[in-house]
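Me: I'm new to this one. Can you walk me through it?

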Amino acid sequence: MQKNFESAVIIGGGTMGSGIAQIFLESGLEIVLVEMDERRAQSAYDQVKAGVTSRLIYENNRQQSPEVQKAAGEILSRLTTRVGIPSPNGPWRPDIVVETVYEDADVKSRVLKEVESTYPDCSLLATNTSSLSIDLLASRLARPQNFIGMHFFNPVPRSSLIELVAGRETSDESVESAQALVEVLGKESILVHDSPGFATSRLGIILGIEAIRMVEEGVASAEDIDRGMVLGYKHPIGPLKLTDLVGLDIRLAISEYLESKLGPRFAPPELLKEMVARGDLGKKSGKGFYEWK
Ligand SMILES: NC(=O)c1ccc[n+]([C@@H]2O[C@H](COP(=O)([O-])OP(=O)(O)OC[C@H]3O[C@@H](n4cnc5c(N)ncnc54)[C@H](O)[C@@H]3O)[C@@H](O)[C@H]2O)c1
């Protein structure tokens, strides 16, 4: 089992990859962040830099200062952004590789296979898929025992959870290594066996679509349903506001996917389909269950 993590390769420097790179760097690891072209690599670097700097400013009484700049420089000196997966350099190999490219099984499989052949000695390979089957991705790999789902949450630096998803072939050693890494990152994990929607999306979507059905049936307003869950059940945010933040189109896609895998209890409500068809996608379009300025 891997206990000490000193270096990682992260593939994909978008919303999630840049957040994951940030927390790895803040935990002392050396990071290579891989993108598809120079423009995206630069944008990933800028996102990580902004994240690292704003965290330091926040921790430093919300003041920019020479100390903040120095500390940011030290952290960022351990970050390399580049195009293409780097070949191993002498005995160097990453302690873990995290794949966080587009949510497409074929794209992910291509990347994961290349990682396996580039680093035959790397014992932990993780995917940040939010919905694809770990067993499906593992079936295309030479060493599925080393492969695990590490489902990070957005925004990564502020979320305390990492959902670990073990496939049929994932070894106990890989699970323990991933759990050790979560500790290094100062986060907490839950362990789930590969299943559609894992644990979090499966339960989260049920709450979300039931709340939408209640709006549809006129049971209560969106505001009151949300207030009920926030005040009565201590949820940090109501299910309808959360749906607006995630995006109604994303929620619809997850709901349809889970309906196809788990049955009609996950069928999307008519109101959700109508709102997506009208372009009311939530915060990103300015209107969902709430108006967003
Ligand atoms: N956004 C979320 O809220 C969220 C939450 C949890 C998990 N996820 C999962 O994380 C993954 C990434 O999502 P995201 O929101 O960061 O997407 P994104 O589109 O912001 O980023 C994906 C990045 O991968 C890069 N990429 C694609 N193919 C590549 C390749 N072959 N080599 C190197 N880079 C490549 C793209 O250029 C892009 O920058 C997906 O699997 C998604 O389901 C997303």
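This is a predicted model: local features need pLDDT of at least 70, side-chain atom pairs count only at pLDDT 80 or more; totals for chains, interfaces and linings use all residues.

Reply: Start with a crossing: α7 and α10 cross in a left-handed way. Left-handed means the near helix is turned anticlockwise from the far one by less than a right angle, and clockwise is right-handed. Helices (H or I, at least four residues) and strands (E, at least two) are DSSP runs, numbered from the N terminus.

Me: Which residues make the contact of α7 and α10?

Reply: α7 brings S201, R202, I205, G208 and I209. α10 brings R251, I254, S255 and L258. Contact here means C-beta atoms, placed from the backbone, within 7 Å.

Me: What classes are they?

Reply: The contact of α7 with α10 has 4 nonpolar, 3 polar and 2 charged residues. Ala, Val, Leu, Ile, Met, Phe, Trp, Tyr, Cys and Pro count as nonpolar, Asp, Glu, Lys and Arg as charged, and the others, Gly among them, as polar.

Me: What is the angle between α7 and α10, and how far apart are their axes?

Reply: About 110°, with the axes of α7 (residues 200-216) and α10 (residues 248-262) 10 Å apart. Axes are lines fitted to C-alpha atoms, for helices over the stretch in contact, and angles run from 0 to 180 degrees between N-to-C directions. α7 and α10 are therefore roughly perpendicular. The cut-offs: under 35 degrees is roughly parallel, over 145 roughly antiparallel, 65 to 115 roughly perpendicular, and the rest oblique.

Me: Next pair. How do α2 and α3 pack?

Reply: Helix α2 (residues 38-59) meets helix α3 (residues 66-76) at about 140°, with axes 10 Å apart. That makes α2 oblique to α3. Their crossing is right-handed. K49, V52, T53, L56 and I57 of α2 touch V68, A71, A72, I75 and L76 of α3. By class, that contact has 8 nonpolar, 1 polar and 1 charged residues.

Me: And α1 with α2, what angle there?

Reply: About 50°, with the axes 9 Å apart. So α1 is oblique to α2. α1 passes α2 in a right-handed crossing. From α1, the residues are G17, S18, G19, A21, Q22, L25 and E26. They meet A44, Q47, V48, G51 and V52 in α2. The contact of α1 with α2 counts 5 nonpolar, 6 polar and 1 charged residues.

Me: Switching topic. How many residues surround the ligand?

Reply: 22 residues, and the closest are G12, G14, M16, E103 and N154. A residue counts as near if its C-beta atom, placed from the backbone, lies within 6 Å.

Me: Which element gives the largest share of that shell?

Reply: α1, with 3 residues. α1 (15-26), β2 (30-35) and α4 (105-118) each supply at least two. By class, the shell has 9 nonpolar, 10 polar and 3 charged residues.

Me: What kind of peptide bond joins N154 and P155?

Reply: A cis one, with omega about -5°. P155 sits in the loop between β6 (147-152) and β7 (161-166).

Me: What about F198?

Reply: F198 has a positive phi of about 50°, although it is not a glycine. F198 lies in the loop between β8 (188-193) and α7.

Me: Last one. How is the chain divided?

Reply: Into domain 1 (7-193) and domain 2 (200-283). Those bounds come from an automatic or database domain assignment. The C-alpha centres of the two domains lie 29 Å apart.

Notes
Residues are numbered from 1 along each chain as its sequence is written. Two residues are in contact if their C-beta atoms, placed from the backbone, lie within 7 Å.
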